[in-house]
Amino acid sequence: MIDGAILRAKKLKGQSIVRVAAAHNKREIQAELGAAGSIDANRSHLNECLSGPPTAPQVADRAKAMTEAAGVLRLRKDAVRAIEFVVSLAPAHAIDDRSFFIDAVAWLACRFGGETNILSADIHRDEPAPHVHLLLLPLIDGRMNGSDALGGRTRLALLHSDFHAEVAAPYGLKRAAARLRGSAKAAGVMAVLEHLRGSSDPALHSAAWGAMRDCIERDPAPFLAELGIAAPQSRPKALRSMTAIFTSTGKGGA
């Protein structure tokens, strides 16, 4: 097992999306708390609200009040209403997670308009990997500017790089492995599936398991990091001798 940190970002669109996202973060969706889900309701008392109102409707009301106070009275249907960041640690991490999550929230808020843009920040310790959900209003320079603020792949890659250098590395945390290829990818897929089976993870019995397995087989690296499993290394390609090279008949026939 390794100590690692994962940062994920998502643009939230839709008129009710802030309330929906906050309802998950505040554990107000009863269907998620059953035996089939990944949430251990017996550990939910360990969760912690770092910032923002205590209920989902209040978080949504806060977003509405903040946009109206800034003079933003109308938004397009496809406008980004909020940005959600999820910062995760490995299940067997060895750091002060509360301190790390506080630093992560402050750093991200500073990058996206300041701490006044925080709608809510909630630590979850009732799932296998402890993590914090941060909902930010993308109100920058008096405008709702979520798409440009978060940007595309290049800007996201830079955000990840800066986050790990400035927030995660000081805690001794490693960055999630890059996308795996070849034999390392196959070994990564097997490691994830064996871990899930060995721990009887509820995900195996989810109605969405087929889609989840496809994601694991497509790219196991995020799952390895989330579960705290060291990424397998590719086997170095065997070097051919000079004799083998000069006596080779090539790809064609003799």
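Buried means under 20% relative accessible area, exposed over 50%, and partly exposed in between, using a 1.4 Å probe and protein chains only. This is a predicted model, in which local features need pLDDT of at least 70 and side-chain atom pairs count only at pLDDT 80 or more, while totals for chains, interfaces and linings use all residues. Residues are numbered from 1 along each chain as its sequence is written, and side-chain values use heavy atoms, with hydrogens and water left out. The chain has 254 residues, and buried residues make up 40% of them.

**Overall make-up**

- The chain contains 9 helices and 8 strands; helices (H or I, at least four residues) and strands (E, at least two) are DSSP runs, numbered from the N terminus.
- Among contacts (heavy atoms within 4.5 Å) with a separation of 6 or more, 78% are between residues 24 or more positions apart.

**The sheet**

- An open sheet is formed by 6 strands in the order 2-4-5-3-1-8, with mixed pairing; two strands pair if DSSP finds at least two bridges between them.
- Strands of a sheet pair through backbone hydrogen bonds, either parallel or antiparallel.
- Strand 2 and strand 8 (174–175) are at the edges and have a single partner strand each, so one side of each is left without a neighbour in the sheet.
- Helix 1 lies across strand 1, strand 3, strand 4 and strand 5, and runs at about 160° to strand 5.
- Helix 5 lies across strand 1, strand 3 and strand 8, at about 140° to strand 1.
- For these angles, axes are lines fitted to C-alpha atoms, for helices over the stretch in contact, and angles run from 0 to 180 degrees between N-to-C directions.

**Strand 5**

- Strand 5 (residues 131–136) is largely enclosed by the rest of the structure, because 6 of its 6 residues are buried.
- H131, H133 and L135 point one way from strand 5, V132, L134 and L136 point the other way, and all are buried.
- Strand 3 (residues 80–89) runs antiparallel to strand 5 and is joined to it by 6 bridges, with E84 opposite L135.
- Strand 4 (residues 118–124) is also antiparallel to strand 5, again with 6 bridges.
- In that pairing, I123 is the bridge partner of V132, and H124 is the bridge partner of H131.
- Strand 4 and strand 5 make a hairpin, with 6 residues between them.

**Salt bridges**

- Side chains of opposite charge can pair when their charged atoms come close.
- The structure has 9 salt bridges, each a side-chain nitrogen of Lys or Arg within 4 Å of a carboxyl oxygen of Asp or Glu.
- One of them joins the side chains of D126 and R27 at 2.8 Å, N to O.
- D126 is in the loop between strand 4 and strand 5, while R27 is in the loop between helix 1 (17–25) and strand 2 (48–51), so this pair links distant parts of the chain, 99 residues apart.
- D126 and R27 are both buried.
- E48 and R125 form another salt bridge, with their closest N and O atoms 3.5 Å apart.
- This pair joins strand 2, which holds E48, to the loop between strand 4 and strand 5, which holds R125, across 77 residues.
- R125 counts as buried because its relative accessibility is 15%.
- A network of salt bridges links E48, D97, R98 and R125.
- R76 and D78 also form a salt bridge, with the closest N and O atoms 2.9 Å apart.
- R76 counts as exposed at 60% relative accessibility, whereas D78 is partly exposed, with a relative accessible area of 41%.

**Nonpolar cores**

- A nonpolar core is a set of buried Ala, Val, Leu, Ile, Met, Phe, Trp, Tyr and Cys residues joined through side-chain atoms within 4.5 Å.
- The largest nonpolar core has 29 residues, of which F85, V87, F100, F112, L134 and F163 touch the most other members.
- Elements that give two or more residues to this core include strand 1 (4–13), helix 3 (97–111), helix 4 (146–150) and helix 5 (153–168).
- Helix 3 gives the largest share of this core, 7 residues.
- Apart from its neighbours within four places in sequence, F112 has contacts that include I83, F85, L136 and L159.
- A second, separate core has 16 residues, among them A56, V72, L119 and M144.
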